[in-house]
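Subject: Structure for your review

Dear colleague,

Please find the structure below, followed by an account of what was found in it.

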Amino acid sequence: MNQKRPMLSVAEALQTLLQAAPTKVETELVPTISANGRVLASTQHSNLHVPPMDNTQMDGYAVRSADCVSGQALLPVSQRIPAGIVGTQLAPGSAARIFTGAFIPAGADAVVMQEQTQIEEINGQTFVRVLHQPQAGEWIRRQGEDIRVGAEILQAGTRLRAQELGLAASVGLAELPVTKPIRVAVFFTGDELTMPGQPLKPGAIYNSNRFVLNALLQNLQCVVTDYGIVPDSLEATRDTLRKAAQEHDLIITSGGVSVGEEDHIRPAVEAEGHINMWQIAVKPGKPLAFGEVKRSDGESAFFLGLPGNPVSSFVTFLLFVRPFILRCQGVQDVSPQSVMMRADFDWPKTDRRNEFLRARINSDGGLDLFPNQSSGVLSSAVWGDGLIDLAAGTTVKKGDWVKFLSFDSLMY
Ligand code: AMP
Ligand code: MG
């Protein structure tokens, strides 16, 4: 029906989706140790200096640099300061044995590493011979060198990775305010689908999209309900939609969004809410359905219908569903990081759609192309390191620079 309408560009489709995403996101407090992958709900500041005091980067001797100008200084060892112990004022003309991480005692202004010293026992007393002329400040990590009191450490909307969690912990934050993960229902249409573990009957194929979608949703910290395979019938599709809408923010389906008579997604969503059948100028991909399914409480769940072809479904998720979900979870910058890379292949034919080619980074720092770019060939995505974003109507010659999106930047 809509075949004659002009196709949407990738940017237009994405913009429409992001504008529809709710601007208010629910938040909760979680222990920092279990906040990996979550989205920070409010900007965090530090109440302390990190490190809290000047401390030593080396095992060695804390000294006054002025006592060591000879390069031969012999100093009595007046105290021993392991990490975690606070030493006493360093008397002039003496040295303190000190271990990595221990605070520098008052009066000392440098650390000499133990490799540049010799121990000498004289009349039962321990001396250190300092065979080096230390500069003031040598081997000392300064108070507040990493973070100063009051400094902003993490911005609202940041996705928390290992290093962000470590930074939060380093200023003593045991809990962090994060946005609530969205609740996503998924189901799979196609009477030809069989689950791995079952024998494959004639005419059947395995439901690979179920595994791809579940993993992608897990990467984004979504709470997922998987309704499995739903028969290709209007009633079954409507029933599942109604059930799914109750407890979820978003319903995602795979398959059945073309306009064949076995494609029931459109009439089913229309009956339970409303739906826009988009034709997007993207390859692989093209059909994507976006709409809403009503709930009994008068609210509604978002609906996204992905194409059934495995690579189309995968790429459509990366380009559209991922940014939509991230925005629903309070992330502002949802665009994947792209890099310009050298194409080590020719791509002589143009397409009127924006193509996303599966490519691999080779050892010469260029990109190779998977030979079969068909939307059914999932091996291309396994072989590849990411996608080349090729504008509509563009060809590529060996040596050209192309825009590359790594799977790492597209999947998490
Ligand atoms: P459809 O979008 O329903 O017309 O399906 C397009 C193609 O994708 C057909 O060849 C289907 O057999 C295939 N397909 C649909 N769903 C899946 C799935 N869950 N896993 C693997 N292939 C699928
Ligand atoms: Mg189908």
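Is Trp 139 buried, partly exposed or exposed? Trp 139 has a relative accessible area of 26% and is therefore partly exposed, where buried means under 20% relative accessible area, exposed over 50%, and partly exposed in between (1.4 Å probe, protein chains only).

Some conventions apply throughout. This is a predicted model, in which local features need pLDDT of at least 70 and side-chain atom pairs count only at pLDDT 80 or more, while totals for chains, interfaces and linings use all residues. Residues are numbered from 1 along each chain as its sequence is written, chains are lettered from A and ligands numbered from 1 in the order in which they are written, and side-chain values use heavy atoms, with hydrogens and water left out.

Backbone geometry

Most residues other than glycine have a negative phi, and most peptide bonds are trans. Trp 139, placed in the loop between S9 and S10, has a positive phi near 60°. Helices (H or I, at least four residues) and strands (E, at least two) are DSSP runs, numbered from the N terminus. Asn 123 also has a positive phi, near 50°. This residue sits in the loop between strand S8 (117–122) and strand S9 (125–130), and it is exposed, at 79% relative accessibility.

Val 50 and Pro 51 are joined by a cis bond with omega of about -10°; Pro 51 belongs to the loop between S2 and S3. Lys 283 and Pro 284 are likewise joined in cis, with omega of about 0°, and Pro 284 falls in the loop between strand S19 (282–283) and strand S20 (287–294).

Ligand 1

Ligand 1 is surrounded by 14 residues, the closest being Glu 192, Asn 207, Gly 256, Gly 308 and Asn 309; a residue is counted here if one of its heavy atoms lies within 4 Å of the ligand. By class, the shell holds four nonpolar residues, nine polar and one charged. In this division Ala, Val, Leu, Ile, Met, Phe, Trp, Tyr, Cys and Pro count as nonpolar, Asp, Glu, Lys and Arg as charged, and the others, Gly among them, as polar.

Several polar contacts (pairs of N or O atoms within 3.5 Å) can be listed. A nitrogen atom of ligand 1 lies 2.7 Å from a polar side-chain atom of Asn 207. Polar backbone atoms also take part: one of Gly 256 is 2.9 Å from an oxygen atom of the ligand, and one of Asn 309 is 3.1 Å from an oxygen atom of the ligand. Taken alone, ligand 1 exposes 480 Å², of which the protein buries 77%; accessible areas come from the Shrake-Rupley method with a 1.4 Å probe. Strand S15 (205–206) and helix H3 (208–219) are the elements that give two or more residues to the shell.

Salt bridges

Side chains of opposite charge can pair when their charged atoms come close. The structure holds 15 salt bridges, each a side-chain nitrogen of Lys or Arg within 4 Å of a carboxyl oxygen of Asp or Glu.

One of them joins Arg 142 to Asp 54, with the closest N and O atoms 2.7 Å apart. Arg 142 lies in the loop between strand S10 (140–141) and strand S11 (152–154) and Asp 54 in the loop between strand S2 (44–45) and strand S3 (55–56), so this pair ties together parts that are 88 residues apart in sequence. Arg 142 is partly exposed at 39% relative accessibility, as is Asp 54 at 24%.

Arg 210 and Asp 226 also form a salt bridge, at 2.6 Å from N to O. Because Arg 210 lies in helix H3 and Asp 226 in strand S16 (residues 223–230), the pair ties together parts 16 residues apart in sequence. In helix H5 (residues 265–272), Arg 266 and Glu 270 are four residues apart, or about one helical turn, and their side chains meet at 3.6 Å, N to O. Finally, a network of salt bridges links Arg 238, Asp 239, Arg 242 and Glu 272.

Cysteines

With a disulfide taken as a pair of cysteine sulfur atoms within 2.5 Å, the count is zero. The sulfur of Cys 222 is too far for a bond, because the closest cysteine sulfur, in Cys 328, is 9.0 Å away. Cys 222 is buried at 10% relative accessibility, and Cys 68 is buried at 0%.

Yours sincerely

Key. Polar contact = N/O pair within 3.5 Å; in protein donor to acceptor, adjacent residues only side chain to side chain.
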